[in-house]
2 protein chains.
Amino acid sequence: MEHALQKDFLGQEAQYLHNVSIDNVIFGYHEKELKVLLQQPFSKNKWTVTGGYIKKTESIEQAAARIAVERTGLRNLFLKQFHCFGNPERVKDRDFDAKSLSKATGLNIDPDSWMFDYFVSVGFYTLTEFSRVAIRKSEFEADCRWWPVGSIPPMLFDHKLIISEALEALRLHIAHYPIGYELLEEKFTLPEIHSLYETILSKKLDHRNFAKKLMATGILTKLDETRKIGAHRSPFLYKFNKAQYERGLKTGVELAF
Amino acid sequence: MEHALQKDFLGQEAQYLHNVSIDNVIFGYHEKELKVLLQQPFSKNKWTVTGGYIKKTESIEQAAARIAVERTGLRNLFLKQFHCFGNPERVKDRDFDAKSLSKATGLNIDPDSWMFDYFVSVGFYTLTEFSRVAIRKSEFEADCRWWPVGSIPPMLFDHKLIISEALEALRLHIAHYPIGYELLEEKFTLPEIHSLYETILSKKLDHRNFAKKLMATGILTKLDETRKIGAHRSPFLYKFNKAQYERGLKTGVELAF
DNA sequence: CAAATAGTGTCTTTTAGACATTATTAA
DNA sequence: TTAATAATGTCTAAAAGACACTATTTG
């Protein structure tokens, strides 16, 4: 998050680590769409993923969680570290220089500012049901909103790469670990979780084989209730068997689709 | 590498990034044993993995490669980033304080030195055939040598955790990508590569099924030569089909054992 | 010719994948 | 009664895994 002129950082560099930052790719799922939360630095025409700096008193995981709370208001999000980005060129961008930043913010920004240093960024991704999120735009941003992963706007620095690596990591993760706890209601139907997997993997999955495999893992419990949908038949509701789910997160669950 | 008092760092902090370091777990394979290269900071009774700092002009991958060359003399090692470690407690250690460091090095080390800062460390691992390695001990180390992964000595900071996570990452990696190019001679026998896999995975593999699976990937080419071993039958030699091997590294090769 | 190791093939079980029909409900 | 969707089972092909014997070489 080498771009943001966050109020809580300016003038308070001392409490943060230097040369290291967090970039947190926040994925939101809603109605069969996978989106990513992006922010637009003040008066810029490029976008960035959400990010921030690490306080000297917190771990990188805590920093990532704090940043996610600051942006979305959601606590206890599933956070996964996926890659570390570090090379001197990554924060160089035609649309990021002292002159235009000074103009945009009204602050007098030194070309030798820490902001133009080379930052090693630890990439995390987060999953959430995006309708739960109350977006909190900081005053130093022009905008903050969800973008479909299939149509990402022009990105600052290497943030396009960060998103695509996050997505790749997520798709790899989904093949080895259970997913969905953060993305679905407490109770959900088989067609709902089926759509979730299809959306994230961006491919069609045979619904019969999908149900068979998923049920075989033991992470789902079928309930006696059905969902009353407007038309036609009411599908059964399921919920996650939390104990099995947690075990799956630890030991892995093979779900190659 | 938050511990080493390397000559090329002291007094030259300006050319390095702050608060970020590289820890490079160097695995060596030789005669059915997997070892890890550890160094012992000057007059300490604890060990560390090899590590170092990142120059402002280089990427983290370049830094990791440079550090590996400095330690082993080997260029073009296979380097894999596997995890990032960052929390304020990780570099606190009873055996690491200004007083004992000053005494050990003969330098006057300030308790407020950068050395005691919280460093976020990017973990890499490296593979090599350890008999090729010319260990280069720096003058600030008491010792530098290979340790079997099964019996690691007392480690400084969180380096025991770093090694075990590196090993876990390696074992995960081996199930999805070809391995061995850096660990075997150019020409090798089936029993040799079989032992390599058994050693890394730390379990017995049926040799018939192993050969079947490995040959099915197409990464091996059988040669017309045999190895003349002292007694009994001479096994055929194989080499890697580099093109297939490289493709396997990119696209993945399923080798679940 | 005996001992040690290399090399290979078959059978069984399990898993993955393709595929079609029936049941339910609301309009 | 029709249209829309949910639910379920079978068959086939492929892959994984268990397992045993023969061939070669050297002393």
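In chain B of this predicted model, β1 (16-30) and α4 (190-201) each supply at least two residues of the lining of the second largest pocket, where helices (H or I, at least four residues) and strands (E, at least two) are DSSP runs numbered from the N terminus. Local features need pLDDT of at least 70, side-chain atom pairs count only at pLDDT 80 or more, and totals for chains, interfaces and linings use all residues. Residues are numbered from 1 along each chain as its sequence is written, and chains are lettered from A in the order in which they are written.

**The second largest pocket**

- α4(B) gives the largest share of the lining, three residues.
- The volume of this pocket is about 310 Å³, taken as the space filled by probe spheres set on grid points joined across faces, edges and corners; a pocket is an open set of points on a 1 Å grid over the protein atoms alone, where a 1.4 Å probe fits, with protein on both sides within 12 Å along at least five of seven lines, and lining residues have an atom within 4 Å of a point.
- Among the 13 lining residues, Tyr29(B), Glu31(B), Glu129(B), Leu184(B) and Glu192(B) are the closest to the centre.

**The contact between chain A and chain B**

- Each chain is represented in the contact (heavy atoms within 4.5 Å), with 23 residues from chain A and 23 residues from chain B.
- The two chains bury about 1600 Å² between them, 64% of it on carbon and sulfur atoms, buried area being the accessible area (1.4 Å probe) lost on being put together, summed over both parts.
- On the side of chain A, Asn19(A), Cys84(A) and Tyr118(A) lose the most area to chain B, together 26% of what that side buries.
- Between the chains there are zero salt bridges, a salt bridge being a side-chain nitrogen of Lys or Arg within 4 Å of a carboxyl oxygen of Asp or Glu.

Technical notes. Heavy atoms only, no water.
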